[in-house]
Amino acid sequence: MPEKPEYDGIVIHFGELWLKGRNRHDFINALMRNIRLALPGEYADRLEKMRDRLMLNVRSSEDVGACMDALSNIFGISWFAPFRKSGTDMDSMISMANSFFSNGENVKIEPHRSYKMGQMTSKDIVSNFIKRQAELKFVPEKLGDKKLYIDVLEDFCIVHSKKRIGLGGLPVGTSGKAVVLLSGGIDSPVAAYYALKRGLEPVYLHFYAYGTIEEFYGTKMPKILNSLLKYYPRARVYAVPVHLFQISAMKEQQKYEVVLFKKFIYETAHIISERENAKVIVTGESLGQVSSQTAENLAATSQGIRCLIFRPLLGFDKQEIITKSKELGMYDISIMPYKDACSLRSRNPVTRISPSALESIYSRAGMEQIPRQSIEKASVGFWNGKSIERGPSQ
Ligand code: ATP
Ligand code: MG
């Protein structure tokens, strides 16, 4: 059995090295804030920045797994690894290296000098390992299947062998805020994931067709929100009842219901974006997937919305979205039964409506005030894993 090393901490590397100046500063600050939010409580104070990396000091080997799991859900991390510290001399490096491997393993040694003033170059380090092979439990090999990373700093080395690839992307918040239209379906939670990945801080907006908010809490929607919470735990939520819309929509022919609903949800999202200081609306639409998602209908329903609308899944096939949803562990929740907000679905919805035709049907049905009136009836606040906690906007 290999000796299990007691790790000193976890080293965290962020990609996007092209970031310069102020951008870089904001990127790192947001990343540190998001890591602190995600880590188990007592770990918030144990994160520090050290040149081009972050280091998390762990208290015990048992905590390493929980911290690694939290880090694996944070955007902006390119890779991370549990490490041990060693001295910068060959004796220390060799004895530390021996603690990582079992007898006879083939190991490629990958030194990296972050501090260039020392005597040894990276090549020297590798050739010293080879020269002193007799002292090693493992076999240093150019093509070794295991890797030993030695990052040489001024006073110590960071030694590790198990790099874990992070989610990449940008830290949530670095691209501003977005109102994310989240339904109970398969697409929008995946769209939300991609929006967060590019640094958007979500304000989730959901329209529900249940009688009370307590009934809504009893549905699958809390599970959908929780599946996104791990990527950013401080998300605000607007749960808006849809009955005012439904009463209005009954005045119109069924074939218009879907486009009216779309216009209604965009208008509501727009008002919320102003309130929340969000510059973007995100949806799970994909071009041509269903009748409401033709280019004409997308244009008509979003006409007049003075806010950028991002559709991260625009070019995805349904099967690709399903594959991603499964990979994210969301699929089984997304296919659970749910009462659709747009319940009267017509068999023959309009596929091509002009903006002016939709506008006049919308006002004929008396919908102009419905978004504001519905927001007044909304439950708003931070999602705590079970319910919405009322609290001030950030
Ligand atoms: P999804 O799988 O995300 O439900 P969909 O394939 O069912 O999408 P639509 O019903 O046309 O497609 O909805 C398109 C988008 O409109 C959704 O991806 C979502 O962003 C938004 N949306 C639909 N219904 C709701 C709702 N009840 N609350 C909030 N947003 C919604
Ligand atoms: Mg849907």
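**Exercise 1.** Classify aspartate 52 as buried or exposed, or in between, and find its salt-bridge partner.

*Solution.* Aspartate 52 has a relative accessible area of 43%, and because buried means under 20% and exposed over 50%, with partly exposed in between (1.4 Å probe, protein chains only), aspartate 52 is partly exposed. This is a predicted model, in which local features need pLDDT of at least 70 and side-chain atom pairs count only at pLDDT 80 or more, while totals for chains, interfaces and linings use all residues. Residues are numbered from 1 along each chain as its sequence is written, chains are lettered from A and ligands numbered from 1 in the order in which they are written, and side-chain values use heavy atoms, with hydrogens and water left out. Next, the side chain of aspartate 52 meets that of arginine 24 in a salt bridge (a side-chain nitrogen of Lys or Arg within 4 Å of a carboxyl oxygen of Asp or Glu), at 2.8 Å from N to O. The pair links distant parts of the chain, 28 residues apart. Finally, arginine 24 is buried, at 19% relative accessible area.

**Exercise 2.** Describe the salt bridge between glutamate 327 and lysine 324.

*Solution.* The closest N and O atoms of the two residues are 3.0 Å apart. Glutamate 327 and lysine 324 are separated by about one helical turn, because they lie three residues apart in helix α11 (residues 318–327), where helices are DSSP runs (H or I, at least four residues), numbered from the N terminus. Glutamate 327 counts as exposed at 57% relative accessibility, whereas lysine 324 counts as buried at 14%.

Conventions: Helices (H or I, at least four residues) and strands (E, at least two) are DSSP runs, numbered from the N terminus.
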